Amino acid sequence: MFTDEVTSHFENPRNIGTIADADGSATIGSAASGEMLKLTLKITDDKIVEAKFRAFGCPTVIASGSMLTEMVTGIDVSEASEIKASDISIALGGLPADKLRYATYAESALKTALANITFQ
């Protein structure tokens, strides 16, 4: 059912955690609803230098958060703002139609975190 890439990111998620002094953050969904993704970003000179996530839910939400952190780390904020759910799904080798909402969660978390940037 899941691609090797989804399985890899679920079994060995990258960049798990929370950045204490994050410049941007967002939480989409809630643990109470059974689906949640939290993203924190550290930005230096308009570049995302660190991204971490926490997730609650199925393997696909964890894989989407993990892949997103890999995709955005090291790129300019403007480039990150162009990432779409479809890009995350493609990077994961394709998500089943009933799981695409988790890539959308990741996209929403990214867009919200970028909109909430405040420098410490």
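Visitor: Quick one on D46. What is its relative accessible area?

Guide: The relative accessible area of D46 is 45%, which means partly exposed. Buried is under 20%, exposed over 50%, partly exposed in between, with a 1.4 Å probe and protein chains only. This is a predicted model: local features need pLDDT of at least 70, side-chain atom pairs count only at pLDDT 80 or more, and totals for chains, interfaces and linings use all residues. Residues are numbered from 1 along each chain as its sequence is written, and side-chain values use heavy atoms, leaving out hydrogens and water.

Visitor: Where is D46, and what is its phi?

Guide: D46 is in the loop between β2 and β3. Its phi is positive, about 65°, although D46 is not a glycine. On naming: helices (H or I, at least four residues) and strands (E, at least two) are DSSP runs, numbered from the N terminus.

Visitor: How many bridges hold β2 and β3?

Guide: 9 bridges, in the antiparallel sense. Two strands pair if DSSP finds at least two bridges between them. L37, for one, stands opposite A55 in β3.

Visitor: And what does β1 do?

Guide: β1 joins β2 (residues 35-44) through 7 bridges, also antiparallel.

Visitor: What does the whole sheet look like?

Guide: An open sheet of 3 strands, in the order β1-β2-β3. The edge strands are β1 (24-30) and β3 (47-56), each pairing on one side only. Neighbouring strands are turned by 10° against each other on average, direction ignored. Axes are lines fitted to C-alpha atoms, for helices over the stretch in contact, and angles run from 0 to 180 degrees between N-to-C directions.

Visitor: Which helix packs on it and touches β2 and β3?

Guide: Helix α2 (residues 59-72). Its direction makes about 175° with that of β3. Contact means heavy atoms within 4.5 Å.

Visitor: Where does α5 lie?

Guide: Helix α5 (residues 100-115) lies across β1, β2 and β3, at about 40° to β2.

Visitor: What packs against the buried side of α5?

Guide: The buried residues of α5 pack against β1, β2, β3, α2, α3 (77-80) and α4. Among those buried are Y102, Y105, E107 and L110.

Visitor: What about the length of α5?

Guide: It agrees with expectation: the 16 residues should span 22 Å at 1.5 Å a residue, and the end C-alpha atoms are 23 Å apart. The expected span is 1.5 Å times one less than the number of residues.

Visitor: Back to α2. How many of its residues are buried?

Guide: 11 of the 14, so α2 is largely enclosed by the rest of the structure. They include T60, I62, M67 and V72. The cover includes α1, β2, β3, α3, α4 and α5. After α2 comes G74, with a positive phi near 95°.

Visitor: At what angle do α1 and α2 cross?

Guide: Roughly 90°, with the axes coming within 8 Å. That makes α1 roughly perpendicular to α2. Angles under 35 degrees count as roughly parallel, over 145 as roughly antiparallel, 65 to 115 as roughly perpendicular, the rest as oblique.

Visitor: Which residues meet there?

Guide: From α1: E5, V6, H9 and F10. From α2: P59, I62, A63, S66, M67 and E70. They divide into 6 nonpolar, 2 polar and 2 charged. Ala, Val, Leu, Ile, Met, Phe, Trp, Tyr, Cys and Pro count as nonpolar, Asp, Glu, Lys and Arg as charged, and the others, Gly among them, as polar.

Visitor: New topic. Is S89 buried or exposed?

Guide: Buried, at 9% relative accessibility. S89 is in helix α4 (residues 85-91). It touches G94, L95, L100 and A103, not counting residues up to four places away in sequence.

Visitor: And what does F56 touch?

Guide: A31, G34, E35, M36 and V61, again leaving out residues up to four places away in sequence. F56 is in strand β3 and is partly exposed at 43%.

Visitor: Last one: what is the phi of N15?

Guide: Near 60°, a positive value in a residue other than glycine. N15 is in the loop between α1 (4-11) and β1. At 31% relative accessibility, N15 is partly exposed.
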